[in-house]
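This report covers strand pairing, salt bridges, nonpolar cores and a surface patch. Please read it alongside the sequence and coordinates shown here.

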Amino acid sequence: MNSKPLAALLLFAWVPLYAQSAGGVAGIAGVVRDASGAVVPNAKVVISSAGQGEVRSLTTNDSGVFAAQALIPGSGYKVTVTSTGFNTYEAGNLVLAVGQNLDLNISLTIGASVVTVEVSGTASMVSDTKSDVSTVVDSHQLEELPVNGRRVDSFVLLTPGVTNDATFGLLTFRGVAGNNSFLIDGNDNTEQFYDENAGRTRIQSQISQDAVQEFEVVSGDYSAEYGRAMGGVVNTVTKSGTNNIHGSGFYYFRSTGFDARDPFSTFNPSEKRVEGGATVGGKFIKDKLFYLVNFDLTHRQFPMVDSYVLSGVVNPTTQTWVGCGAPATPAQCNAINGLLPRFYGQIPRTDANDLAFGRLDYHASDKNTFTAEFNFLRWWSPNGIQTGLSSTSGAAITGNGDDSVRVRNGKLGWTSVPTSSFVNTFRFGWDTDRQADSFDQAELGGGLGYLDVSVGGVQLGPATYLPRVEPSETRYEISDDATMVKSNHTLKFGFNFFTTEDYNYYISNAFGSYTYLNSTQFALDYSGNTAGLKSWSGYSQTFGNPIADYRITEMAGYFLDQWKASPKMTLNLGVRWDKSRSLNFPVTNPDWPATGYIHTPNANFAPRLGLAYHLDDKTTLRAGYGIFYARLLGGLIDDLWTTNGIYQIADSLTATNPTQLAAGPVFPSALPAAPTGASVGAATIQFAAPNLKTPYSQQGNVTLERQLSRDFLLSVSGIFSRGVHLMGSVDLNAPAATSPYTYTIADANGNPTGSFTTPIYTTPRPSTKYGAVIEDTNGVDSVYDALAVTLNKRLSHGVQMLGAYTWAHQIDDGQGQASNAIFFSTITTLYNGANSLERASGWLDQRHRFVYSFVWSPTVTQSSNGFAKYLLNNWQLSAITTLASGRPYTSPTIRVSSAGPTGLLNTSYIDGFSGNSRVPFLPVNSIFTPASYRADARLTKAIPFNVKDREVRLTLNFEVFNVSNSWAATAMASQAYIESTKGVLTATPTAFGYGTADGGFPDGTQARRLQISARISF
């Protein structure tokens, strides 16, 4: 029988539906009907894989429905359907993406032959059951696109609704600061302390690119299966072994000779980086037991160029202080000038990033499958805390140290299929993440030792947060997901249990810190101070126990009903419950009972609602809404545990308080113990509000998806997100603002141009026993609106393309960015508790972002001779182009270099409140970074050959990152005014509005980089 005409007809009935499947896996489902449209019960459905043999055997239910959940994503799947009296149906070359649930509408015809349907490259691209906003980055894109540093989560930026969160490799989804979830094969890989991907972003990568098969980026309205994230979900799937042995080896190299110079560096520091590794996978037992192992090593030498550029404070040309004079003597001024040359030059820095990964898959039967995997990272980087290539703020010394990271991830999984309509997946996870930083001893000797000094905003000492272990984290995870097919309902339910221990060694500012308003005051104390003067404006030091060891326990449960309400409409109805157990702390300050605990609500129920309507064979309309709760962060718990005025005492003394001035040390001494007495102590307190609520986001989307042609899919999404009960801080021990004070506003020449009147905060505090008493509250919210357009061309005729454009607007009243959304230990408002005055376009507001990527493998000739194979054909060009508008960097600020009104609570701020130093009469967040334009490209030549009848492929690659060497400043000078004369705010145009850094991830610069590499695969 000639089955080709019938197969062509069946293609129109084959429609893939991408409902959300459980984390790290995929699924195949469908309805079996006869030629009249009646359902066929008890039909046998066998799902097999070219690489792993038969993986599932099912029987359709009374509604003709079958569902095979928890399948390993990959290519080469085949579905075979048999039923008495009907031709055998076979659909081959099926590709399952992570998170995908592929639905087949199968029509059986009467007969006794085999009808084969080849669907590769012909299947519909329209997803007509999912209701989230998600994109899959497949193995072809991972392997063929240029990626700087080979860090897999960098590919997330190819998708819409996501952009950079600052310049350190962090990601923001829908304008949410942090609060993302990173999964590896369904298990949580997010570090609880910093709320980042395991290992954070100083490391090269936490898992080898060669160990990853693909990943899914869910940027909004995700299924009830996912939780503990207000932002997005990045769902990574690792490679597995097959019946055929396969593998690869690679080597990457770059050096200074290929590099362009960073615009903020006076020279190009010598850099060298090599990366090498290998992957091999295969079988121990055919169709039963499979293995895959990977090793990946990176070693790098990349010195950092350091300098200090702060207008009006330091002269970078002469490397001397500006304005040092009487009453300081010339000798005293020359003495402090001697501290500056060490900040101009090159600081040695290296790193080593070693990775290992292994995975076993055991198909005990078509009803039981077991998985075990382990991933290991070791990172060591002397002087590697700072990752930028250059600094204009002395950070190579003042913010640096030796960085060490150890990450281990283990997983055990069991997928059980007791019946054709029920699948259960059990997962156990064990994860550790240890991050330890210490002083680099070679850089301590030329300065002030361990002592910190700040002069007019110029820091001279080492990082005050060293040494630290923050954190040494261990998490155990138990998760179970069950799927049951009942008529036209696919029911999913499950639970998660996480217990995370954070051990921290951290006591910031243990060695003491002096603050001086100007260089003259510092010179008086630094040398020749025989009279024991105290010219500092502030002194701070922390005392107490550096160790905090606590456990965060979290539980969650969910239920989801994917209801095929009609052949055209699917409803996704779900609810999730998340609970973090409340914690009691070992020490409670009796003056502030709330320091003894953190309350966590019980009623964190999150509805998830979705609709997908199939308008026609090429068009789907989707909509979704949900509530998504944040996780409880270890960094916040660490601060609440230690900052109660007893466990650790963080004292801040101010020179405007005579008693505190008398209790403070004479430079360069530090205090041996915390000052005592109600009139002397100034300990900072931090605690959570007794009625603290869990922050959450409300998300909604409406998406229209249209298949324009056989290989092109267009998606247009309207996206809404609101951050609710976001955290902020208020000072409960701040005095009420007193009578207003009027400042004169002057131009750069000192000519008055206006005035500004502000309320001021003066001493004493209501409780003189304490300094700031910071209560963490739910005082912040945010709003994000976006239009996201995605054009996807799947791989065909040697070309694959993905274009994503996002227009967005994000507004908040003090959210900041990811680094501000962890500890909540400082006040960020201009006036105490006045969040509404901070409402403006937020730091994460990026109006326009367009990313276009392509892989092009042309076939020049159909000839197979050597000339065609080795010269004309087997070339490939790929590129990623990013065009992004600038976004708010910060607000214009005021620097105070002389004493202001008498009795100010803090003399570094014109209103005396230790909050925000922004200019109160200028718009909030009105300093923008410039727009950025960048293209990365790769040119590849492949050389195929055979070794003992095995096909081997050698590829030689030449990559250019930032082809045009274009750059845009990522940090801006913000000082708009200075108060150097009491009561006068003088404009400082030379210290305002210019770029001060061009941070880029992962090189620490945006300057062009070139790389060559070779890869062999089999």
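A hairpin joins β29 to β30 through 2 residues. In this predicted model, local features need pLDDT of at least 70 and side-chain atom pairs count only at pLDDT 80 or more, while totals for chains, interfaces and linings use all residues. Residues are numbered from 1 along each chain as its sequence is written, and side-chain values use heavy atoms, with hydrogens and water left out.

Helices (H or I, at least four residues) and strands (E, at least two) are DSSP runs numbered from the N terminus, and two strands pair if DSSP finds at least two bridges between them. Strand β29 (residues 402-419) runs antiparallel to strand β30 (residues 422-438), and 16 bridges join the two. Arg406 has Arg434, in β30, as its bridge partner. β29 also pairs in the antiparallel sense with strand β27 (residues 368-381), over 14 bridges. Here Leu377 stands opposite Val407 in β29.

The structure holds 39 salt bridges, each defined as a side-chain nitrogen of Lys or Arg within 4 Å of a carboxyl oxygen of Asp or Glu.

| Residue | Partner | N to O distance |
|---|---|---|
| Asp153 | Arg151 | 2.8 Å |
| Glu196 | Arg200 | 3.2 Å |
| Arg468 | Asp437 | 2.7 Å |

Arg468 lies in strand β33 (residues 468-486) and Asp437 in strand β30, so the pair ties together parts that are 31 residues apart in sequence. Both Arg468 and Asp437 are buried, a label for residues under 20% relative accessible area; exposed means over 50%, and partly exposed is in between (1.4 Å probe, protein chains only). Asp153 and Arg151 are buried too. Glu196 counts as buried because its relative accessibility is 7%, and Arg200 is buried with a relative accessible area of 15%. Elsewhere, a network of salt bridges links Arg254, Asp259, Glu271, Arg273, Arg300, Asp1003 and Arg1009.

Which residues have the most contacts inside the largest nonpolar core? They are Trp321, Val453, Leu460 and Phe522, in a core of 33 residues. The elements giving two or more residues to this core are α3 (330-337), α4 (395-398), β31 (452-455), β35 (513-516), α6 (519-526) and β36 (538-544). Its largest share, 3 residues, comes from α6. A nonpolar core is a set of buried Ala, Val, Leu, Ile, Met, Phe, Trp, Tyr and Cys residues joined through side-chain atoms within 4.5 Å. Leaving aside neighbours within four places in sequence, Val453 is in contact (heavy atoms within 4.5 Å) with residues including Leu448, Leu460, Tyr514, Phe522 and Phe667. Apart from this core lies another, of 28 residues, among them Val45, Val55, Val81 and Phe86.

Phe958 lies in strand β58 (residues 950-961) and is partly exposed, at 37% relative accessible area.

Tyr226 lies in the loop between β17 (212-220) and β18 (233-238). Tyr226 is buried, with a relative accessible area of 4%. Its C-alpha atom is 8.5 Å from that of Arg576, a residue 350 residues apart from Tyr226 along the chain.
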